[in-house]
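The following note sets out several points for a reader who is new to structural description. Please keep the sequence and the model in view while reading.

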Amino acid sequence: MKKLLFALFISILVGGLLTDYAPAYNFAIKNAPSEIVGREDLMGRNEYLQLLTQDPATGQVPPNIKRAELQFDRRLSLETLKFRAQQTLEAESAGPANVGGRTRAVAFDVRDENIMIAGGVSGGVWKSIDGGNTWTRKSNPENRNGVTCIVQDTRPGREDTWYHGTGEIVGNSARGGGAPFRGNGIYKSTDNGETWNPLPSTQDADPQVFNSQFQYVWDIEVNPGNLVEDEVLAATYGGILRSADGGTTWEVEVGQMLFNLDESVNLNQSGASFYTALERSKDNVFYATLSTETGSSAVSPHAGIYYSLDGKEWVNITPSGPEWLTITGLPAFPRYRRTVIGVSPSNPDLAYFMVDSNPIFILEHRLSQENSPDRINGFEPSSRIIPQFGGALGNLDTQGSYNMMIRVHPEDENTVFVGGTNIYRSTDGFRTAENIDWVGGYNPEGGVGVYPNHHPDQHELLFLPSNPDVAISASDGGLIRSDDIRADSVIWSGLNDGFITSQFFTIAQSKTPGDETIIGGMQDNGTDMSIEGNTSWSAVIGGDGAYAATTQNNTLWYASFQNGQTLRLTLNDDYNITSFARVDPGGLVSESASRYLFVNPFVLDPKNENRMFCAGGNHLYYHPNVSQIPGGSQTPTTIGWIRVNEDPIEGGLVSAIEASFEGEKIYYGTSGGQVFRLDNATSQPMFSLTEITSELFPEKGYVTSISVNPDNDQHVIVAFSNYSVPSLFESMNGGSSFIDISGNLEENPDGTGNGPSVRWVEIIPKLSGNLLLVGTSVGLYSTEDASATTTWVKESPTTIGSSVITMMDYRPNDGRLAIATHGNGVYTTNISGFKPMSLEKTVEELFSVNATYPNPFFDNTYLEYSIPVDGEVRIDILYPNGVLINTILWGPQFAGTNTVAWDGKNTSGTSLANGMYFYRIQYGGQKIAGRIVLRR
């Protein structure tokens, strides 16, 4: 009877037809908002970067390591000059030419508004001579300064002189979570921004410690009213400083003198104001603010709001006691962080102050009415309305003083703009809520999309001198222009052509030889794609971009954003998304009470790119066929995912994964210093997991990258990104033993000192030997002779320079290398003398089913089948009478062996009763059927 039923079932299957179409999706991908201070996520950007770079022994990033490592890098470059002949790479910028990175500083040349100078926070100084339509980098690539402010000397005959400040105290992800990206003082140009040199008087800090206020420069102003002296004022950590000789010497006017100090001094304990600000009015009145907040728990004794008529004598106008309560409605002397200043160009007596306290408040001050009976020290006795549009992203949000801006329209003192994550415009000085409009940042229509053609996280707003309704916004998306900032509906357009300051976390390129398509994840700018070498990139998904990948012939694309959410995408011929599915093992990660890293790695099996290995906190997860995960949903899934390590990793999270060229071995490392090798990785039932952690590895170190030689899967290099530990270890026997090959990248053999943070490593087979490349926090290094005393030589010093190299992707079939930087976009190069390698797959000649295992099953069963060429496959589960239960796969499959899982459930997720069921696999007009027994 059973044989009769089975024969009847097979006849039903053979008689059916494979429908020649795939499901269509009506979808909208919900992107995550980019993160600065966490927005209550479990693994925020700062925590991730802290883990990445901290000294494992102390749990702290060495103080001021950024300046120290740059000095070490310069010394190393001098010491290896004789090896420069070894340099082989001629890297070229691949953009993005249209995606700007975080920008705090931009200014017009007073003589010609078409000349603009701007600074990327980790991307250097750039100049435009055509109104921002195109840009050219002017700072030395081997200097990596966080440009925070920029100003021109506007006095007649002195206009070629410019100054810019450095050092971003909040939000710089080039730094590492617990290591503020301290600057290198003030730079000066005397040739209209063509070249820049540091002012020696601001370079006094010891690289090892925070002992100079010039390490953070918030604002700079030049006094055009002083025709005798070269008077410059600077708002620095702890005070307002003044120079009468163009920056040769300095005096403190407000606050504390915190430069030329002994190296034993630590300014974090100084009790000085953490935040300062400086603004000059049109008639040369200077306003300054100093925060109550300090680097310690103390309240700054110099906190307050000040003004000066000459830059020398300053008046404290901060209301106190009952006066403060009257103005703000807050208790007297509240603690406050940053205060930004906006002076009205049309009424220089009028200044607005936005104060980041709890809550935020806006004050209006009129200098001419300082002693008016209806004013308190010139302040209007009531604070202004704070924008509150509701929802997750509609309220004014400074992200802990990270993004703050207040500006007044040049022709109307009542039209005021404030910026946090968004830009808000008021036509009555924020007196009433009904006159406030949301005009930039996130999209007021809802979700986490951006305002059309704009970007969240505001830092500056500049008005065109010849037409003040034309405004230029500086944000975490670079520079963006509106031709009518007072329009009912403000329209924005990018101004980033060639302003290559984007900050990449990851990079991946097409696997097809000769195809120049690249996809990469950026801080604050989502995941973008360069199509066939176009330097203007196209957006794919939003959020903080993370790992990305593509498959053979670009059939499928994978992109992710912060905290692990990974999407499978299909794109049409115009590279627009036509379908998507969330494919990461988020359901299992939640069940295990673990968490994703902020930038969470995954890799595809090179032999069959429907197989994925994904980091999931304290487990590595494997999926034999991510194509079977249903599309159109961003709900966390458990479908088909398998834990590689049954026991959770103790004391660390999976932080790096690499597959061998043939896909037979998977190596992975953790944030706690462990490394594992998975053998038989393409045969899930035969997995063999071995820990290969070496006693040489730094205890509790962060494994940031593992490279496997495409020509020899026993040749492995493991990279640790922490400071103060050895960084690079090489094995020639699959991890059975390692040697330290850090060489001259460490100042001391034990890893202590000022050696850089190593972020990525690549092994590139050549016709003779191997080229080893290391991406570091101070640029790209290479060697062809690794040993215990490796000499690493800097590559592309005049192009890549000292940019932070976060990731590389090498293509063995044609020798192309893509290099991601955190601050200057992406570079590409072709390796000369590379050994061409192509993956040869063992492909069956016929469509066949190889096995079903286990069968009978009680939890999951796997169908293994082979197809001769890439094609669409549909797999159905049916009752014995032929009624459909579930379609467990309908999508593209790759030639060779494929596997799909079934968990004994129907389409609604309900477990079926014990019994016999049937599968039907359809491919290329052919069908194969078989039976499966469920026995729980």
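Buried means under 20% relative accessible area, exposed means over 50%, and partly exposed lies in between (1.4 Å probe, protein chains only). The model is predicted, so local features need pLDDT of at least 70 and side-chain atom pairs count only at pLDDT 80 or more, while totals for chains, interfaces and linings use all residues. Residues are numbered from 1 along each chain as its sequence is written, and side-chain values use heavy atoms, with hydrogens and water left out.

1. Positive phi angles. N260 is not a glycine, yet its phi is positive, about 55°. It is located in the loop between strand 13 (251-255) and strand 14 (276-280), where strands (E, at least two residues) and helices (H or I, at least four) are DSSP runs numbered from the N terminus. N260 is exposed, with a relative accessible area of 55%. N553, also not a glycine, has a positive phi of about 60°. The loop between strand 33 and strand 34 (557-561) holds N553, and this residue is exposed at a relative accessible area of 55%.

2. Cis peptide bonds. N358 and P359 are joined by a cis peptide bond with omega of about 10°; P359 belongs to the loop between strand 19 (350-355) and strand 20 (361-366). Another cis peptide bond, with omega of about 10°, joins N855 and P856. P856 is placed in the loop between strand 56 (848-853) and strand 57 (861-867).

3. Aromatic pairs. There are 31 aromatic pairs in the structure; rings of Phe, Tyr and Trp (its six-membered ring) pair if their centres lie within 6.5 Å, and planes under 30 degrees apart count as stacked, over 60 as edge-to-face and the rest as tilted. How far apart are the ring centres of Y237 and F274? They are 5.9 Å apart with planes at 75°, so the pair is edge-to-face. This pair links distant parts of the chain, 37 residues apart: Y237 is in the loop between strand 11 (232-236) and strand 12 (239-243), and F274 is in the loop between strand 13 and strand 14. Y237 is buried at a relative accessible area of 0%, and F274 counts as buried at 17%. Both rings belong to one aromatic cluster formed by Y216, W218, Y237, F274 and Y275.

4. Nonpolar cores. A nonpolar core is a set of buried Ala, Val, Leu, Ile, Met, Phe, Trp, Tyr and Cys residues joined through side-chain atoms within 4.5 Å. The largest has 54 residues, and I507, Y558 and M612 have the most contacts inside it. Another core lies apart from it, with 21 residues, including L330, V343, F353 and F379.

5. Helix 2. In helix 2 (residues 45-53), the buried residues are R45, Y48, L49, Q50, L52 and T53. Against which strands do the buried residues of helix 2 pack? They pack against strand 45 and strand 49, where contact means heavy atoms within 4.5 Å.

6. By class, the second largest pocket is lined by 25 nonpolar, 12 polar and seven charged residues. Here Ala, Val, Leu, Ile, Met, Phe, Trp, Tyr, Cys and Pro count as nonpolar, Asp, Glu, Lys and Arg as charged, and the others, Gly among them, as polar.
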